[in-house]
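Hi,

Here's the structure I said I'd pass along.

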Amino acid sequence: MSADPSVWMRLALDEARRAGPVSPNPAVGCVIVVDDAVVGRGHTQPPGEAHAEVMALRDAEGRTAGSTAYVTLEPCSHWGRTPPCAAALIAAGVARVVCAIPDPDKQVRGRGFATLRAAGVKVVVGDGADRTRRQLAAFLCHRLTGRPLVTAKFAASLDGRIATRRGDSRWISSEESRRWTLAQRRCFDAILIGSGTALADDPQLTAREPDGRLSSKQPLRVVLDARGRLPLTARVLSPEAATLVATSARSEPVWRRAIEERGADVELLPEAETGVVLESLLDRLGQQDVLSLLVEGGAAVHGAFFDAGLVDRVQAILAPIVIGGVAAPGAVGGRGAALLAESVRLLNHTVTQRGGDIVITGDVRPPPHFTLDADERMHAVE
């Protein structure tokens with residue numbers, strides 16, 4: 001583990017958290033310091049608008065000659081929807097750039113550092129690296145694997161049940177937890193359920209503000225339905241957000257055409273024993289710039305993702321109730337672990353309380369890690 005971030009990098013990390021949902025761009029923060037005083041702050045704006053470095057330079061209002069810029073991700077060096085940030089820092093007379101981690105995007109990967117260094121700007125890399133990797137885990141996962149970061153989320157009783165033996169599941173979690181869940185959906189690019197959950201609960205799968213209003217940013221709704229069971233009246237097909245139905249050749253062509261006529265996209269994927277090949281689905285979502293995927297179940301879907309080793313994070317809401325009964329379904333189905341040593345153990349987990357519920361969040365594996373190779377490092381990193 002690297003040392004704790006400097007006070008200035010902590011401010012940059014705070015700025016990055018203020019960015020909110022800006023996918024498919026990474027949420028980056030930047031602060032500009034002159035003589036131990038912050039003269040500019042900025043964070044990534046919505047896609048197509050200014051990046052963190054440019055926002056910080058604007059905030060500094062020209063007080064940047066000889067300054068140090070603290071930024072959580074390597075400044076870009078290419079033209080995209082916005083001009084390159086490395087060039088903006090150079091033009092502003094920034095003398096030193098302290099950066100948490102390099103950018104694994106194929107268009108950057110050390111080129112930002114090299115551009116700065118070639119212009120005489122000192123570059124230091126590694127301050128706040130661990131915290132930044134966790135903050136940018138979805139972006140890093142997408143750029144390094146081509147797939148979204150997968151978070152498995154469920155609400156369960158203390159004994160791990162998600163419904164009674166008769167299928168009654170409303171409501172296990174508290175009202176406060178449910179409001180938080182609806183608001184949190186806007187932080188994900190896509191949200192996924194299986195056809196069983198769609199049939200049992202008929203959810204709309206929309207993100208909502210605390211007052212119940214629809215959020216301006218809605219996740220892509222994904223339904224796993226290998227057999228074509230989703231009814232045309234399902235609320236997940238409503239026009240409030242886009243929907244992708246992932247199915248297999250087992251579904252009827254007539255049903256697939258009818259789903260498309262409702263406005264949803266239908267993706268025909270290879271068939272697996274438990275439904276569709278999940279790896280193919282994640283590849284498809286990655287190609288659509290889906291960086292983060294929230295899997296809300298049910299148990300069979302969660303089990304399939306865990307059995308395939310495709311879960312990156314877990315978010316469990318535990319209600320202070322005991323349901324009991326061997327026929328009551330658990331939160332995660334599938335094969336599961338044969339030995340305790342094979343169980344999924346969370347890393348970096350946190351425990352919070354919402355209403356009467358306990359929320360446990362943690363990583364299944366460490367956040368994605370990217371470093372420049374030796375030759376790039378020699379030229380790019382001070």
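This is a predicted model: local features need pLDDT of at least 70, side-chain atom pairs count only at pLDDT 80 or more; totals for chains, interfaces and linings use all residues.

Let's start with helix α6 (residues 137–145), where the buried residues are Ala 137, Ala 138, Phe 139, Leu 140, Cys 141 and His 142.

Next, the salt bridges, which come to 14. One of them joins the side chains of Asp 283 and Arg 147 at 2.8 Å, N to O. That pair links distant parts of the chain, as Asp 283 sits in helix α10 (residues 278–287) and Arg 147 in the loop between α6 and β6, 136 residues apart. Asp 283 is partly exposed at 30% relative accessible area, and Arg 147 is partly exposed too, at 24%.

Asp 130 and Arg 133 also meet in a salt bridge, at 3.2 Å. They are three residues apart in helix α5, so about one helical turn separates them. Arg 133 counts as buried at 12%, while Asp 130 is partly exposed at 22%.

Then there's Arg 313 with Asp 363, at 2.9 Å. Arg 313 is in strand β14 and Asp 363 in strand β16, so this pair ties together parts 50 residues apart in sequence. Both residues are buried, and together with Arg 134 they are linked in a network of salt bridges.

Last, the sheet: it is open, with five strands in the order β2-β1-β3-β4-β5 and mixed pairing. The edge strands are β2 and β5. β1 and β2 pair in the antiparallel sense over six bridges, with Val 34 opposite Ala 37 in β2.

Cheers

How values were computed
Residues are numbered from 1 along each chain as its sequence is written. Side-chain values use heavy atoms; hydrogens and water are left out. Two strands pair if DSSP finds at least two bridges between them. Helices (H or I, at least four residues) and strands (E, at least two) are DSSP runs, numbered from the N terminus. Buried means under 20% relative accessible area, exposed over 50%, partly exposed in between (1.4 Å probe, protein chains only). A salt bridge is a side-chain nitrogen of Lys or Arg within 4 Å of a carboxyl oxygen of Asp or Glu.
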